[in-house]
Amino acid sequence: LLRQHPDEAARPDIVEWFVLGVPRLHHAIVTGRLTSKDGAGHHAVGTFGERWRPVVAEALTSRALGEPSGRYDGQEARLAEEVAAFAELVLETALAINVELTK
């Protein structure tokens, strides 16, 4: 869906939801505990690596300030791609864990 609508994928609310919300669900699957969206941001970087820190930081900034950080100004297509790639990675990882748990 994000790849079908890249112009929407760079919207601050969409960035926040996918970059923090999806790892929040991943955290719940992995640990059996809920976490905040801020906690999900920390979980995301700790689990998926430093490569994703810029897009996680963007989502956390948007959440805290209610506006984009400016890091991706003029690079909305790049931001949209990062959001889509990150969400896909986290979802694929969560689905793989869920499959293992049901075996």
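**Helix packing and overall fold**

Helix 2 and helix 3 are therefore roughly perpendicular to each other (65 to 115 degrees). This is a predicted model, in which local features need pLDDT of at least 70, side-chain atom pairs count only at pLDDT 80 or more, and totals for chains, interfaces and linings use all residues. Residues are numbered from 1 along each chain as its sequence is written, and side-chain values use heavy atoms, with hydrogens and water left out.

Reader: At what angle do helix 2 and helix 3 pack?

Author: Helix 2 covers residues 12-31 and helix 3 covers residues 37-48. Axes are lines fitted to C-alpha atoms over the stretch in contact, and angles run from 0 to 180 degrees between N-to-C directions. The axes lie 8 Å apart, and the angle is about 75°.

Reader: How do the residues of the contact of helix 2 with helix 3 divide?

Author: Contact means heavy atoms within 4.5 Å. Helix 2 contributes residues including Trp17 and Leu20, and helix 3 contributes residues including Ala40 and Phe48. Ala, Val, Leu, Ile, Met, Phe, Trp, Tyr, Cys and Pro count as nonpolar, Asp, Glu, Lys and Arg as charged, and the others, Gly among them, as polar. The division is six nonpolar, five polar and three charged.

Reader: How many helices and strands are in the protein chain?

Author: Helices (H or I, at least four residues) and strands (E, at least two) are DSSP runs, numbered from the N terminus. From that end the elements run α-α-α-α-α. The count is five helices and zero strands.

Reader: What percentage of the residues in the protein chain is buried?

Author: Buried means under 20% relative accessible area, with a 1.4 Å probe and protein chains only. Of the 103 residues, the buried ones make up 38%.

Methods:
Angles under 35 degrees count as roughly parallel, over 145 as roughly antiparallel, 65 to 115 as roughly perpendicular and the rest as oblique. Buried means under 20% relative accessible area, exposed over 50%, partly exposed in between (1.4 Å probe, protein chains only).
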